[in-house]
Amino acid sequence: MELKKLLKYWKVASEPNKPMLNKLSFNKVLEMESEEKQMVPLVDILPKNDEFFAEEPSEKTARPKRKLSLILVIIAVVIVVILAVSLIAIYVPKYLSDAENELVTKPSPTATSADFQREQTTSPTNLESTRSSISPASKSKWSRWSSWSDCTKTCGSGSRYRKRKCVAINDRAVFAPITCAGKADQIKPCADWSCPDCSRNCTTGTLNAASDACTCDHHVLTGRVLTVDDTPLSEANISLIETPYNVLAKTNISGHFTALGVSADEQELLVTKDVPPFVTVHPESKIRLPGQNATFCCNGRGNPPPEIEWFKENNIIDKELYSFNNTLKITAERGLNGSYRCRVVNDFGSEFSDGAVLKIVDTQEAFCDPTPRTKHLKLPPNCVQKGTTNNVVDVGECPSVPCLQNDSDNSNACKDKTFCCGVSMVEELNIACGNVAEFKLSKTKDCGCGVCNKAVITIRGVVVGGKEERPVKFAQIEYDGEVKANSDFRSGSFSFDVRDGRKRLAVTFKDTFSKEFEDLTKVFHLQEGQSVITKIILATKQRPVIFEASQDLSVPLGGETDDSAFADLEVPGGSLLKEDGTSYSGQANMRLNLVDPRNASDILSAPGDFSAVDEDGEEQILSSFGMMKVNFEDTSGNKLTPSKPMKVFLDPQQLNISVDDNGNTTVKLWWLNEKTGRWILAGNIWSDEKGSIRRKRSSARRFLVTEITQAISKSRLNFDRPSGLSFVGVSAPPGSTARVICGFSSNDNLLEGYREQTSNSNGIACVPTWRERTCYLQAESDSSRFLTPDRGGINSFPYGTNVRVVSSNLGRAQQIESFKLYTSVRSSGPVYPFSKSNARCYRQDRDNKYFRFQPPQGADATFILSSPRIDDSNNPLNWYPPSPSDINKQDVCFIKVLVHNAKATFLASSFRGNRQGTTDSKVGDYATMAVDSNRDNKFVVCLQIRCPGIVDRAEERTDVHIIPITGHCHFQSVHIPQKFMENNLDVPCVLPSSGASNHEKWICVPSGLTSGFDVDFVYRADKSQENLAKHRCLIGRIREDQITDTPPSITGASLVYTCGKSAKRAILLFSVSCML
């Protein structure tokens, strides 16, 4: 028997203030709109002054009888018009409704809760087009669903109903005919169990009054419910299989239960656990030609198993027209492009998925524009295009946008094969660098569509603990119920990849080694192709409060003194249980983990991301008034569990909580779901004039009180209220982390939370933020350096944002420059109104405004020439071939050159191994200038090369040609270990002669697997972490996990050059390929 048939069904409310789907055909909609425009609103024809008609004219003002008659005629006309409009309001909608009802039949009594009451009698294609059945109605919306009716039967399968109304969005048009897509009624089964047998005989005990079970008055049934991994299951319902509607008992936090009066006969028990749903599979964006099919996929977990609804924009898609469940299949038509998402629903909640965009394109857009766009490239100093004086040349580029290939079929795929526009043909430009060097630079000639690999998102950082931020060794990193990584033993650094394309990820960090620090659940908001750099700060476990378990306990929360505490916690005496469910007496230890909203460092290390979902499954942001977690242990460290509710007394004056005259407040109690990182509503908070035990004699103020039940006593708890949402638009280098920290406008010292977002490939981050709050905005680069707020342009920001640049530590050890602003919403930013897709903020319109950040002054600025990379796994010239150790991984690699005497610019050209001189040998180039090593007359340069990897299903090494293109330099020595020399490789490394100029040098870089040893002169990292790989090269450490301020080191170089006027002079002609 399915659990969803045994439990009450949760009410799924329709989307507030949004138009729902249009049910009529497209032609009928046009007729309705035309008809509506011809109608005059009733308010426009009502008399403006009723008193005029009640006045008795005096003799002096008496009008001739003909004028009086004219007035009476006017009154009569007005009355007729009013009656006519009233009749239209009554009968036109009814007529349209009756016409529509002719197309439907009565509901099936076996319909599920996701089915609508009325069914089509003809095929959907005969009723209306695909477009009109999904596109939203612009003038109407559904009201919220009514409550479910009582079941039509108490047993033997009955039905329940609920209704909603199609209402006009604009109140002035209430008389106009309107429709909404979908049905106004829903039906679902109930009481799906057998009816009692009144003639039943009990072999043991007596038949109860309901005749549905045999009972024994003095019999006690006890037991314990554990999961498959022996974890106690709390708050589980215990009932008999034959009477699932009658809950006999609930398990306590240790999984134990006690049921009274159960017959001693053999009985089958039913165990159910109420679990709100959450999304596990999100739909992915698609690009299609008109007429092609598209499939969106979705899934979720919960108990009862959730049902799935589909939405276009914010309008529900009619299940009768599309027989969807966890997949939605549609045929692409013009007008169906837009955002699609699913919602998982069960009796105890709902949640929306991320949005997926369906983009419908014409043939020209689908298969790439073959003409490249203009891209200007600045040449190295003293270099020009030959025959000109131009130091800047146009090399062209192909925009990396999605495209389609003629032979690709993704119609039934949840995840499409991805194709992107890229370079298909190049032509050459001749470049001359004075009398030092000449080379050929490739220019993009044509663009084409090829395979592009979705970039792996890498989350890396360091786990530290306490105010001293000591590295946390071997910290356990978990998500999706699995251990994904551990922090380093020395530095506390970590790194792990996220490959499933999700946009939101809840990760829990646990100190399982030293056990000095509290666990923390951190929510990451991810951007495709952008890595996340973070510092995880775990709170130090506080010294325990030692108390006698048999006595009541009252403890202040927060503050250095009792008067400054923001709350009190009360634990009733004699309420602690051992793990076996027996009562505990004696001394006990209580450990508290608090987040004080008056402390910025507490807020910045708070768990979750201050988000929850409302009854419709939409995300909402919470304003926090403090968080807490409490644990109990005996003197030996064994866990104890409270069996009675604990109480928390909040001080509204300390927390600036509003309370009305009746003692009511909008602040509520929430608990954290560690799997999703969402806060779940747990209960209300109410007024209590008595106050806590500790404050009864010392304060006459009114306090707010809430109860912590046994079910949530081990969870993280939060005192919050939902707030309005907005988006703060930020412009920063791609991969930067923008952080908004907000507080209550009436009290700058009281913070309510923070949110973070990573800037996308266009350098834009739209951070969901509290609306109408005073906030601080900071940004960190992908090298963990704080960026500098750009003061330019803030004077043009709209009035009310009150923007200025301030310096503050905000819980940090150092002063940080931040924007201080008031989140006053404007359509063109920089604070944008909330929307589901947030398209306006990311659109980059000319009028859009953003808070802009720049790298700090003094940051390294050096010349870099990098050929655009081919990222097509089917192309042998792919710059990022799959790694031999993990074909799902793509790396970026650097080698290091040590330069004596003077700076110079070096170029490294990468070739396929043993293929120099062939047409498909050149892979790409990279040139940059040496940087100072802070050692006398010693400089280092890190050159990016193509990593060796899997090409054409076989391992392939990379041959590299290195040459200085500015300055007078000559080669001195090679420091590559002897084991990498030509004769030691399984496949001999055949290289061209370096020539007599003593400028150039060839080296070969083998695959580690082929050579049988680590290639320890190559510095590598995931391709999304190019800055980390370069940093490893600069400091000479191949396993460094953090980008720090460590200056460049002269160690770890592969080649050594000497540059300066005394160096030999030579001219070398060579080829440089800049392929996009």
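**A tour of selected salt bridges and strands**

Begin by selecting Glu956, which counts as buried at 10% relative accessibility (buried means under 20% relative accessible area, exposed over 50%, partly exposed in between, with a 1.4 Å probe and protein chains only). This is a predicted model, in which local features need pLDDT of at least 70 and side-chain atom pairs count only at pLDDT 80 or more, while totals for chains, interfaces and linings use all residues. Residues are numbered from 1 along each chain as its sequence is written, and side-chain values use heavy atoms, with hydrogens and water left out.

Glu956 lies in strand β68 and Arg912 in strand β63, so the pair ties together parts that are 44 residues apart in sequence (strands are DSSP runs of E, at least two residues, numbered from the N terminus). Arg912 is also buried, at 2%.

Move to Glu752 and Arg773, joined by a salt bridge at 2.5 Å between the closest N and O atoms. Glu752 is buried at 0% relative accessibility, and Arg773 is buried at 13%.

Then select Glu633 and Lys639, whose side chains form a salt bridge (3.8 Å, N to O). Glu633 is buried at 17%, whereas Lys639 is partly exposed at 38%.

Finish at Thr706, in strand β48 (residues 703–708). Thr706 is buried, with a relative accessible area of 1%. Its side chain reaches the backbone oxygen of Asn684 at 3.0 Å.

How values were computed:
Helix = DSSP H or I, 4+ residues; strand = E, 2+ residues; numbered from the N terminus. Polar contact = N/O pair within 3.5 Å; in protein donor to acceptor, adjacent residues only side chain to side chain. Salt bridge = Lys/Arg side-chain N within 4 Å of Asp/Glu carboxyl O.
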